[in-house]
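Here are my notes on this one, point by point. Have the model open while you read, and start with the strands before moving on to the rings.

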Amino acid sequence: MEPQPISTSVGNSTSSMLSFKNPFRESTSVMVSLETKDPSIFTLLLKRNKFNIGPMGILQIPYSFSPQTMTETKATIIVNMSKTLVWKYPIRGIAESASTSIDFHFKTKSRKPLKESIKIRLPGFEDLAPDDVFTYEINVINQNYKGFVDRAVFFEQINDTLGSPDDELEFLLRFEPLRPFKANTEFIIYKSTGGRWKF
């Protein structure tokens, strides 16, 4: 089963809901628990852990995610109906940093290529693992312009590792529009051991 993703910024808290359906045509009782290495990051928002569910009924299981560092955290919600009948639902918590302003603006005339170097310092994390690798993704906000962006905007990543959290990632941008257009995009950077930055 693919882990259910949930994300928020470091120092904040968000919540989500897991729906468990009783697959049987008779009432049953279940025990709900959470398996996690750090209970301060993932928490079940339940006042009790034992529930009765009607035939084919649905139990809503709320939980919260409160990341303290720019890492990825995993947990598992476990629903026990008996010693031999157990359901496990993996959760994947992603800490992120999202900018609320326009960080970069690029402009050129049609058929006049623009080349520019971009250096980005990633905020909000202190610990850097030796095997941390950084990758990127371009998300076009208005999908009607995705084809224009795909054909006109190109990035070359100069370095995909950092010596320290204070170092910068460098990218080479080529903007080669064949016709006029204006589009907003998200430039998303991922850290291999968890963490996501949106610019």
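1. Some ground rules before the strands: two of them pair if DSSP finds at least two bridges between them. The strands themselves are DSSP runs (E, at least two residues), numbered from the N terminus. Keep in mind that this is a predicted model, where local features need pLDDT of at least 70, side-chain atom pairs count only at pLDDT 80 or more, and totals for chains, interfaces and linings use all residues. Residues are numbered from 1 along each chain as its sequence is written, and side-chain values use heavy atoms, with hydrogens and water left out.

2. Take the open sheet with the order β9-β12-β11 to begin with; its three strands pair antiparallel. At the edges you'll find β9 (114-121) and β11 (153-157), each with a single partner strand, so one side of each has no neighbour in the sheet. From one strand to the next, the twist averages 25° (axes are lines fitted to C-alpha atoms, and angles run from 0 to 180 degrees between N-to-C directions).

3. Zoom in on β11 and β12: five bridges join these antiparallel strands.

4. Rings of Phe, Tyr and Trp (its six-membered ring) pair if their centres lie within 6.5 Å; planes under 30 degrees apart count as stacked, over 60 as edge-to-face and the rest as tilted. The structure holds 13 such pairs. In one of them, Y136 and F171 have ring centres 5.5 Å apart and planes at 80°, so this pair is edge-to-face. Since Y136 sits in β10 (residues 134-140) and F171 in β12 (residues 168-175), the pair ties together parts that are 35 residues apart in sequence.

5. How exposed are Y136 and F171? Y136 is partly exposed at 29% relative accessibility, while F171 is buried, with a relative accessible area of 1%. The cut-offs are under 20% for buried and over 50% for exposed, with partly exposed in between (1.4 Å probe, protein chains only).

6. There is another open sheet of three strands, also antiparallel, in the order β2-β6-β4. Its edge strands are β2 (14-21) and β4 (42-44), each pairing on one side only. Neighbouring strands here are turned by 30° against each other on average, direction ignored. Three bridges join β4 to β6 (residues 58-65), which run antiparallel, and T43 has S64 in β6 as its bridge partner.

Terms used:
Helices (H or I, at least four residues) and strands (E, at least two) are DSSP runs, numbered from the N terminus.
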